[in-house]
Amino acid sequence: MITFDQQTSPSVVKNVSLLDILKFTDATSSAGLDIIPVTAEDGTGANRYSSHVEVADYDGDSDADIYAGSYDPVSASYKHYLFNNEMGKFRDVASEAGISHSGRESSAIFADYDNDGFLDLFVMKEGGDILYRNTGKGTFEDVTGKAGALSRDGGIMSLFFDMDHDGDLDLLEILPASNLFLRNNGDGTFADNTAKLGAQAGGSLCHDAAFGDFDDDEDIDFIITNSDSGIDLYSNQRQGVFRKMTVSNGPADKNGASLLAVGDYNNDGYLDLFTSSSDGVDPTLYRNTLNNTFEKEKSSNEMFLPLGNLKASDAAFIDFNNDGFLDLLLTGESAENDDRAVYLFYNDGKGKFTHVSGLLPPGVKPGKQTAYSTITTTVTLMLWLPV
């Protein structure tokens with residue numbers, strides 16, 4: 001975990017950039033999060049990329065709690081944690097909260113699937129997904145059997161969003177070679193509506209996904225990266241039906257993209273994209289020009305040249321300095337020994353991103369995933385789980 005605090009108001013400091021004031025510090029130990037096991041950096045096989053983290057206020061007390069999972073090389077077992085935030089100190093309450101399962105996890109997500117005002121927890125793991133319903137009393141109950149239709153084999157990641165615009169959250173599961181659309185029936189159960197996604201290309205390995213109104217037509221679309229078929233945009237046709245689109249002048253021609261970040265980096269009202277790959281090739285910023293068209297920023301290669309040694313695993317747009325423009329954070333592992341594995345780029349508001357990773361503390365370990373949450377108006381929390 002890394003946190004920063006804006007110690008001095010820029011309004012009273014003349015001729016000093018805001019970037020000269022910000023300072024990041026490693027608060028992992030002081031926050032009580034150092035109990036999460038760290039997989040050896042030379043780990044291999046199924047345990048190599050099994051760490052994940054999710055941040056949300058599950059107990060409704062207006063602070064950021066954490067769910068995390070990671071393989072423990074010491075005990076040779078996979079462990080999960082539910083950390084309750086107690087004034088910036090985190091305490092593992094998984095057992096007392098009713099989070100009880102075993103097996104290697106690929107991801108997790110908090111979402112209020114039953115519209116009762118409390119965030120529930122969905123976990124993707126080997127041997128089948130698990131859905132925990134938040135009772136609203138600080139505990140969770142396993143409702144997997146009742147929910148039905150969930151994947152029995154686990155997958156890569158999941159998204160909860162209202163795919164059919166009927167007022168409740170549906171579930172999109174990103175599976176290794178296909179995807180699963182589970183419609184929320186509104187009674188605590190889900191129905192398999194995968195057929196409404198249209199034909200899916202078999203054999204492609206899906207890596208990352210995000211949702212949003214990419215074509216500005218007031219419904220929710222989603223976009224998926226694939227290892228051998230570029231990036232697919234699924235346009236919402238209403239009533240839960242989606243049409244796979246060929247995205248011209250941009251990411252449709254980009255094969256091997258393994259990560260995706262979505263955000264309006266230029267504040268023009270449209271969702272833009274950033275993509276990169278696990279082999280460190282071609283990190284690219286795409287500007288949304290509508291009509292299912294994304295154009296590569298002309299200076300993209302120059303701006304992100306420092307990423308040449310990064311085998312990226314995750315990226316996120318985040319306004320780390322609260323100036324109203326989305327900056328960019330990436331994590332992964334270095335292609336060279338002892339090189340940087342976490343990168344931060346500052347958005348100057350004029351379309352230019354500048355490498356400012358020097359703001360991060362030295363010795364940050366390689367990571368698999370980023371997560372962030374605003375604690376106050378001037379303090380931001382960023383986390384990633386070392387691989």
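Two strands pair if DSSP finds at least two bridges between them. I start my notebook with that rule. I also note that strands (E, at least two residues) and helices (H or I, at least four) are DSSP runs, numbered from the N terminus.

**Ground rules.** I am reading a predicted model, in which local features need pLDDT of at least 70, side-chain atom pairs count only at pLDDT 80 or more, and totals for chains, interfaces and linings use all residues. Residues are numbered from 1 along each chain as its sequence is written, and side-chain values use heavy atoms, with hydrogens and water left out.

**Overview.** I looked up the element count: the protein has five helices and 28 strands. Of its 387 residues, 54% count as buried. Buried means under 20% relative accessible area, exposed over 50%, and partly exposed in between (1.4 Å probe, protein chains only). The protein exposes about 16,700 Å², an area from the Shrake-Rupley method with a 1.4 Å probe. Carbon and sulfur atoms supply 47% of that surface. I then checked contacts (heavy atoms within 4.5 Å). Among those between residues at least 6 apart in sequence, 47% join residues at least 24 apart.

**Strand β12.** Is β12 enclosed or open? I found five of the five residues of β12 (170-174) buried, so the strand is largely enclosed by the rest of the structure. I checked both faces. D170, L172 and I174 cover one side, L171 and E173 the other, and all are buried.

Next I listed the partners of β12. β11 (157-161) pairs with β12 in the antiparallel sense over five bridges, and M157 stands opposite I174. β13 (179-184) is also antiparallel to β12, over four bridges. There, L172 stands opposite F181. A hairpin of four residues joins β12 to β13.

**The β7 to β10 sheet.** I traced an open sheet of four strands in the order β7-β8-β9-β10, with antiparallel pairing. β7 (105-111) and β10 (140-142) stand at the edges with a single partner strand each, so one side of each has no neighbour in the sheet. Neighbouring strands are turned by 20° against each other on average, direction ignored. Such angles run from 0 to 180 degrees between N-to-C directions, with axes fitted to C-alpha atoms (for helices, over the stretch in contact). β9 (130-134) meets β10 over three bridges. Y132 stands opposite D142 there.

**The β5-β6 hairpin.** Four bridges join β5 (77-86) to β6 (89-92), and the two run antiparallel. N84 has R91 as its bridge partner. Two residues lie between the strands, and M87 takes a positive phi near 60° in this hairpin.

**Y67.** I looked for Y67 and found it in β4 (65-72). At 0% relative accessibility, Y67 is buried. Which side chains does Y67 reach by polar contact? I noted H101 at 3.5 Å and E105 at 3.0 Å. A polar contact is a pair of N or O atoms within 3.5 Å; within protein, one must be able to donate a hydrogen and the other to accept it, and residues adjacent in sequence count only if both atoms are side-chain atoms. Y67 and D92 are 25 residues apart along the chain, with their C-alpha atoms separated by 9.2 Å.

**T293 and F294.** T293 sits in the loop between β21 (284-288) and β22 (294-296). T293 is buried, at 12% relative accessible area. Its side chain reaches the backbone oxygen of N291 at 3.1 Å. F294 lies in β22 and is buried at 1%. I listed what F294 touches beyond four places in sequence, including F214, V247, P251, L271 and Y286.

**The largest nonpolar core.** A nonpolar core is a set of buried Ala, Val, Leu, Ile, Met, Phe, Trp, Tyr and Cys residues joined through side-chain atoms within 4.5 Å. The largest has 17 residues, and F274, F304, L328, L330 and F353 have the most contacts inside it. β19 (259-263), β23 (310-318), β24 (327-334) and β25 (342-347) each give two or more residues. β23 gives the most, with four. I finished on L328, which touches F274, F304 and F353, among others.
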